[in-house]
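Please look over the sequence and the structure before reading on.

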Amino acid sequence: MSRRLRYSVAMSLDGFIAGPNGEHDWIVVDPAIDFGALFAEFDTAVMGRKTYEVATAQGGGGAMPGLDVVVFTRTLPATERPGVRIVRDDPRVVVAELKEKPGKDIWLFGGGVLFRSLLEAKLVDTVELAVVPVLLGAGIPLLPPAAATQLVLTDQKTLPASGIVALAYSVPGGVGPAPRIRYVKPAKKAARKSAKEVAKTTANRTASTGEGATSSRTAGRGTRSTASRPGRKPRGSAPGGSAKTRRA
């Protein structure tokens, strides 16, 4: 069975995958995104020269952990080094061959021009977007001018912490359907973490205002006053409390 080619990128709300000069500093990192789980879905990544140059500027020489990277170019010399292969061949031919080899899915990492070329060749199987709530106003578009393509929604998730909306679409006629979005951590874990943070913040505020100390002193005076009354036990004491304390 043919492997899926998945165009998976972050996109601004107005449809750009990078700023005018390739900037990505507008992409926020959401704690609910499990990047390890995302990378584990692929064993190969393909990208154009401009995307590769942005990646190399960030360090690592364009290599991606656990993935074989194939870079398509018409200007750079063909070369190969650990984890990265730069080729001057037709991307449509190379990707078609990669899809027929055994392995995990292939990550179409960018950019838009390469996406258009492979989409027109009917090699793209899914379009998966992380829509970031920012308006760039200008930049590199998700898809340069091209023929219209109808997509089929297969999954969606909203990440409240950042406002990111993750969307997964299948391309009709491709190897599909698009996979479910599994790289977003369960909401319960995020909720538990948020609850702990709220509790910690509340405790810190209480300690800083002295409310905790005041309450302790007040409680202490109340206990002494009640215990001093002849023949009465402090309210709330459990029978045999001292014995239980010794056993503990």
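The model is predicted, so local features need pLDDT of at least 70 and side-chain atom pairs count only at pLDDT 80 or more, while totals for chains, interfaces and linings use all residues. Residues are numbered from 1 along each chain as its sequence is written, and side-chain values use heavy atoms, with hydrogens and water left out.

**The chain**

The protein chain holds seven helices and eleven strands; helices (H or I, at least four residues) and strands (E, at least two) are DSSP runs numbered from the N terminus. Of its 248 residues, 34% count as buried, where buried means under 20% relative accessible area, exposed over 50%, and partly exposed in between (1.4 Å probe, protein chains only). Among contacts with a separation of 6 or more, 68% are between residues 24 or more positions apart; contact means heavy atoms within 4.5 Å.

**Strand 4 and its partners**

Four of the five residues of strand 4 (residues 68–72) are buried. Strand 4 pairs with strand 3 (residues 42–48) in the parallel sense, and the chain passes from strand 3 through helix 2 (residues 49–57) to strand 4 in a right-handed β-α-β crossover. Right-handed means that, with the strands pointing away from the viewer, the path from the first strand over the helix to the second runs clockwise. Strand 4 also runs parallel to strand 6 (residues 84–87). Two strands pair if DSSP finds at least two bridges between them. The table lists both pairings.

Glu41 lies in the loop between helix 1 (35–39) and strand 3, and is buried, with a relative accessible area of 16%. Its side chain makes a polar contact of 2.6 Å with that of Arg6; a polar contact is a pair of N or O atoms within 3.5 Å, and within protein one must be able to donate a hydrogen and the other to accept it, while residues adjacent in sequence count only if both atoms are side-chain atoms. Beyond its neighbours within four places in sequence, Glu41 is in contact with Arg6, Lys104, Asp105 and Arg182.

Most residues other than glycine have a negative phi, and most peptide bonds are trans. Gly110 and Gly111, however, are joined by a cis peptide bond, with omega about 0 degrees. Lys122 has a positive phi of about 60 degrees and is exposed, with a relative accessible area of 73%.
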